[in-house]
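Trainee: I have a model open and would like to learn how to read it feature by feature. Could you walk me through it?

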Amino acid sequence: MRTVYVNGEYLPEDQAKVSVFDRGFLFADGVYEVTSVLGGKLIDFAGHAARLARSLSELGMKAPVDTDTLLEIHRELIARNGIEDGLVYLQVTRGAADRDFLYPDAETPPTLVLFTQAKPGLAEPDRAAKGWSVISIPDRRWGRRDIKTVQLLYPSMGKMMAKAAGADDAWMVEDGAVTEGTSNNAYIVKGDTIITRHLGEEILHGITRAAVLRLAAEAQMKVEERSFTIEEAQGADEAFITSASSFVMPVVEIDGTPIGDGTPGPMAARLREIYLDEARRKAV
Ligand code: PLP
């Protein structure tokens, strides 16, 4: 049985509990992070910790513990659960208080929960060998997608719509332009240029996105941060997504139209390789 962390305690998962009055449960008043683990070590931990601090501050929530303590808790859970390759989920809510739209007193202790998922072979090449097919759906989320809140109902519905259509994921579209995937950032490649939506409140600022764009620039690849349409994506040479759990994943079909020759492209393969190389070297 897994060991999970809840508010200062390491507990068997069937003994871990949060209050029925937790604001995460009642109002989706919480934020989260997902950090991948390769070879027992955390990938891009500093980036995830920095984004967590930003999400908390945008919502006027206190950090439950400092970054060093967070790192210790992550490492302890990896060790206790024997995670070689996998994911660590971290959830912070504004805590438990009698139900009221107004935030509770600032002294209300936040709820902090961490748990692991084992994913043997998470970075193995065969996971990216086929690539994903995606469908497009309207983006019906709230307006502050730059904050990583636990409001994941619409992305969850999007994944179900993709599954019903026999696809792997959905790209969301707003005002004619692709925002992002249900749980990843979206890219296309035209010639030697990588195109991905500019940052703003409309998308999550992916930690993997930041690393991949930095590495692309270092490798002298051209990067354009701008929006693009589904039609432009369907006519692109390549498409791919990035996220902490999928790294760089080729996209080979959009709304039934094959991208390029319908197989994973060389730019996505190269970016996956250089991202994973650096991520493993810098893992903590
Ligand atoms: N966009 C959304 C909506 C996400 O949920 C995620 C990851 O969960 C991402 C992008 C990718 O972000 P990261 O690379 O930090 O995992």
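Trainee: Is F25 buried or exposed?

Mentor: Start with the scale: buried means under 20% relative accessible area, exposed over 50%, and partly exposed in between, with a 1.4 Å probe and protein chains only. F25 has a relative accessible area of 64%, so this residue is exposed. F25 is found in helix α1 (residues 23-27); helices here are DSSP runs of H or I with at least four residues, strands are runs of E with at least two, and both are numbered from the N terminus.

Trainee: What should I know about the model before reading on?

Mentor: This is a predicted model, in which local features need pLDDT of at least 70 and side-chain atom pairs count only at pLDDT 80 or more, while totals for chains, interfaces and linings use all residues. Residues are numbered from 1 along each chain as its sequence is written, and side-chain values use heavy atoms, with hydrogens and water left out.

Trainee: Now the ligand. Which residues come nearest?

Mentor: A residue is near a molecule or strand if one of its heavy atoms lies within 4 Å of it. There are 17 residues around the ligand, and R51, K148, E180, I207 and T208 come nearest. Next, look for polar contacts, pairs of N or O atoms within 3.5 Å; within protein, one must be able to donate a hydrogen and the other to accept it, and residues adjacent in sequence count only if both atoms are side-chain atoms. A polar side-chain atom of R51 is 2.8 Å from a ligand oxygen atom, and one of K148 is 2.7 Å from a ligand oxygen atom. A244 uses a backbone N or O atom, which lies 2.8 Å from an oxygen atom of the ligand. On its own the ligand has 390 Å² of accessible area, and the protein covers 93% of that.

Trainee: How many salt bridges does the structure hold?

Mentor: The test is a side-chain nitrogen of Lys or Arg within 4 Å of a carboxyl oxygen of Asp or Glu. The structure holds 23 of them. Take E76 and R80, whose closest N and O atoms are 2.8 Å apart. These two are four residues apart in helix α3 (residues 67-80), so about one helical turn separates them. Both ends are partly exposed: E76 has a relative accessible area of 31% and R80 has 45%.

Trainee: Are D139 and R145 buried or exposed?

Mentor: Their side chains meet in a salt bridge at 3.4 Å, N to O. D139 is buried at 8% relative accessible area, and R145 is buried at 6%. Another pair is E224 with R226, at 2.7 Å between the closest N and O atoms. Bridges can also share partners: R54, E58, R144, D146 and E201 are joined into one network that way.

Trainee: And how do I read a sheet?

Mentor: Strands of a sheet pair through backbone hydrogen bonds, either parallel or antiparallel. Two strands count as paired if DSSP finds at least two bridges between them. Inside the order, β5 (residues 86-93) and β6 (residues 111-118) pair over eight bridges in the antiparallel sense, and Q91 has V113 in β6 as its bridge partner.

How values were computed
Accessible areas come from the Shrake-Rupley method with a 1.4 Å probe; for residues, only the protein chains shown count as cover.
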